[in-house]
Amino acid sequence: MNGLNDTMTYRVSGSGESGMDVEKVRADFPALHQMVHGKPLVYLDNAASAQKPRIVLDTLQHYYSKEYANVHRGVHYLSEQATQAYELAREKVRAFINAGDTREIVFVRGTTEAINLVAQSYARPGFKAGDEILITTMEHHSNIVPWQLLCEQTGAVLKVAPVNDAGELLLEAFEQCLGPRTRLVAVTHLSNALGTINPVEQIIEMTHAHGARVLVDGAQAVPHLGVDVQALDCDFYAFSGHKLYGPTGIGVLFAKAELLEAMPPYQGGGEMISEVTFEKTTYADIPLKFEAGTPHFVGAIGMGAAIDYVTGIGLDTIAQHEHSLTEYGTQILGEIPGLRIIGTAHHKGSILSFVLEGIHAHDLGTILDQAGVAVRTGHHCAMPVMERFGVPATTRASLALYNTQQELDQLAAAIHEARKIFRL
Ligand code: 7TS
């Protein structure tokens, strides 16, 4: 399965600043071309999960229907084909985030599992009562709750670095939170609720200067920013395939090899062993030591196809397109009376989270849905940051490479309509 897009085929002259032919991109995504409640779908819920390009769908279809057998255990042809494709997907992930070695790429179910793996296999065995884990106010629950569980288990303490009113991390305050007991910093690269892009390079440098390790939650970053884990020098980096135009149920934990080698397995069973007797079991080398049971190898192969897809277009091109959309969206939403954007960081990704005076987010979400506009409403699994901004919920439009200015116009028109319905 190849079917890679030639970068040039997505570039057209006169198609806006980014030079990306968005109509050509949209043609690759079958799900975008449907009616919802009698209206053309406007899909603006990409931070929750992104739609899939045909190459990903075809890859899944191909491997389930033609080259399907379990990996890392058969000597027969199909098993060898599937194993090769699975390991090629690992190499694609390695190259995508510029890890130094495929042994540093562990396939997991998603970001949430990756963070839990680090909490339970890296932190739990060595952390003691009073050791500190530092996170930020803007974390997703998946980067809060695993640490709270760890604190209950070990007596470690969770500390939280604050943000300013724009939703930017206060770096000085962050540095003051680092101390001799800090063992790990776990921070989001791009906030799903606010859109803030954190200065992870600086965070990592500061943290390493204090002798602690850093986990970066890259769930929202990898679809939009080029990530280089070696340049960042992060110790752990986690992301999910489904937000990156890939399948659900597959994700990645990058970890430095020396750390993975020292960590005990997360789960036992299947192909994560070297030898098993009732007296003693020895484990496979990394990364297989962390991949107990039949992995979601078709998912990993599908994620590999998604990586081919986005790199074929180019993350710089995607980022430019999304940046100009975000600027446009910020401007037209800002013109709506009573609308307040939550998350106005200077360095921001393609997330427009807002509250509208006089209409609860859930009511607004329902009205937008009737207009065919899919957004997420609620706390976005980031309740503490909602509390920080004093709002119970926001309405969030999160943009992807296939969104258009016209769709943002439709969003704005539907919000105006909602205000009329509520007689505002
Ligand atoms: N971290 C961040 C920053 C996220 O945005 C999400 C999911 C996760 C972790 C968890 O990822 P998962 O793939 O393991 O579920 N965020 C969202 C969202 O914003 N709306 O739905 C899911």
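Predicted model: local features only at pLDDT ≥ 70, side-chain atom pairs only at ≥ 80, totals over all residues.
In the model, 16 residues surround the ligand, and T112, D217, S240, R376 and R396 are the closest of them. Sorted by class, this shell holds 9 polar, 4 charged and 3 nonpolar residues. Several side chains come within polar contact of the ligand. A polar side-chain atom of D217 is placed 2.5 Å from a ligand nitrogen. For S240, a polar side-chain atom lies 2.6 Å from an oxygen of the ligand, and the side chain of N192 has an N or O atom 2.8 Å from a ligand oxygen. Of the 490 Å² that the ligand exposes when taken alone, the protein buries 87%.

The largest cavity has a volume of about 50 Å³, and its lining is made up of N46, A47, L190, Q220, H224, G349, S350, I351, S398 and L399. By class, 6 of these lining residues are polar and 4 nonpolar, with no charged residues. Both domain 1 (14–43 + 314–421) and domain 2 (60–311) contribute at least three residues each to this lining.

The second largest cavity has a volume of about 40 Å³. Lining this cavity are V71, H72, R73, Y86, E271, L288, E291, G293 and P295, which divide into 4 nonpolar, 3 charged and 2 polar residues.

Terms used: Residues numbered from 1 in each chain as written. Heavy atoms only, no water. Near = heavy atom within 4 Å. Polar contact = N/O pair within 3.5 Å; in protein donor to acceptor, adjacent residues only side chain to side chain. Areas by Shrake-Rupley, 256 points an atom, 1.4 Å probe, with all protein chains shown as cover. Nonpolar A, V, L, I, M, F, W, Y, C, P; charged D, E, K, R; others polar. 1 Å grid on protein atoms, 1.4 Å probe; cavity = no way out; pocket = protein on both sides within 12 Å on 5 of 7 lines; lining within 4 Å. Points joined across faces, edges and corners; volume = space filled by probe spheres on them. Domains from an automatic or database assignment.
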